[in-house]
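Here is a short note to read beside the model. Keep the structure open as you go through the points.

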Amino acid sequence: MTGTTKHVHWASKWRCPSNIALVKYWGKRDFQKPMNPSLSFVLQNAFTETSVELLKEGEQKVEFYFEGAPSAFGDRIEKFLHTISKQMPWIHKYNFRIHSHNSFPHSAGIASSASSFGALALCITEIDFAISGREPDHPDLWLKASEIARLGSGSACRSVYPGFAIWGQTQLFESCSDEHAIMIYEGIHPAFYGLRDAILMVDSGTKQVSSSVGHELMNDHVFQRARIGQAHQNINELYLAMLTGNLESFIEVVENEALSLHAMMMTSNPSFILLKPNSLELISRIRRFRERAKIPVLFTIDAGPNIHLLYFKKNELDVKAFIERDLLEFCEDGNWIDDRIGKGPVRVVASPK
Ligand code: PMV
């Protein structure tokens, strides 16, 4: 974080990964708080890099450039800055120049709002700490960045940590909160740090339902109570499986969560079917391969048709051969993305002099 030229008062640059949920956040209450707890891991290769420069003091104005060009996403950022200015009143005093780019194509079906708001929140929180004279390496930076990221996009609050994170109150830890995510690492079986994610691209077209519309569908969903109960039970079982290395239970919970998310969408009013015939074909092939080859492969799915094939490091060669041989014909133009569990965000520029 630095003031680089005489016109730039403060500057910060971060790279923040996207994440994929194993227990899904679906449904909000109050302002950007989750109806149920969720658990995710960050990706390694899919990230957003964002720089924030605070220019001359004056009325707040935002210039936002995505991949070098002015972007309409600037309006959402302006709204976001207004929201967080309640906690960081200095925001109103500066002009903002923000540059952002993604490591993955827009059409990849990867949640870019998680990595974008994660990166932006880290930049702004770092600047906030500098302005208020706190050390940039203060451990509270992560919690604060997670809370700020959540106000932009719920799932973004899980992107600011390495490895696995939980967001939302649960019986698992007292430190779990609806306000921000927490990192989980103690006692997790080492096999899970070798998780791989092959994102099988079924359809790169725009989403039929935005996640904000999707969350709203839970407000008066006939299965709302049951879904909340299921998510609590699933997160307990999943965490236990991750501690003990119980792959069978891990697979059962993760697939149940992915299908429950889609079941919620299919049974809401209005109803959405986001899975395509090829999504279903991939799911059944993944299950068949697991039974026949006795190799732990499983799937998860976001709010779209693409299938995340999860597997473990020690099976990499066999699974990659399986993808090439049996799955690519069901992917759009044979496209898939080779990713894995990641090490979390990285600060791109040096600390203040
Ligand atoms: O963060 P949002 O509002 O885009 O919601 C994300 C919802 C899912 O990706 C479907 C699930 C999750 O937990 O990430």
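1. Where is the place of proline 270? Proline 270 sits in the loop between helix 6 (247-266) and helix 7 (277-293). Helices here are DSSP runs of H or I with at least four residues, strands are runs of E with at least two, and both are numbered from the N terminus. The bond joining asparagine 269 and proline 270 is a cis peptide bond, with omega about 5 degrees. Most peptide bonds are trans.

2. A word on the source. This is a predicted model: local features need pLDDT of at least 70, side-chain atom pairs count only at pLDDT 80 or more, and totals for chains, interfaces and linings use all residues. Residues are numbered from 1 along each chain as its sequence is written, and side-chain values use heavy atoms, with hydrogens and water left out.

3. Look at the loop between strand 2 (28-29) and strand 3 (33-34), where aspartate 30 lies. Aspartate 30 has a positive phi of about 50 degrees, although it is not a glycine. Glutamine 32 is in the loop between strand 2 and strand 3 too. Its phi is positive, about 60 degrees. Most residues other than glycine have a negative phi. Aspartate 30 is exposed, at 61% relative accessibility. Glutamine 32 is buried, at 9%. (Buried means under 20% relative accessible area, exposed over 50%, partly exposed in between, with a 1.4 Å probe and protein chains only.)

4. Now the largest nonpolar core. It has 39 residues. (Such a core is a set of buried Ala, Val, Leu, Ile, Met, Phe, Trp, Tyr and Cys residues joined through side-chain atoms within 4.5 Å.) Phe80, Leu81, Trp90, Phe96 and Ile124 have the most contacts inside it. Helix 2 (112-131) is among the elements that give two or more residues to this core. Helix 2 gives the most, with 10 residues.

5. Tryptophan 90 is buried, at 9% relative accessibility. Leaving aside neighbours within four places in sequence, its contacts (heavy atoms within 4.5 Å) include Leu54, Phe96 and Ile124.

6. What joins strand 11 (residues 298-301) to strand 12 (residues 307-312)? Four bridges do, and the two strands run antiparallel. (Strands pair if DSSP finds at least two bridges between them.) Leucine 298 has leucine 310 as its bridge partner in strand 12. The two strands form a hairpin with five residues between them. From strand 11, Leu298 and Thr300 point one way, Phe299 and Ile301 the other way, and all are buried.
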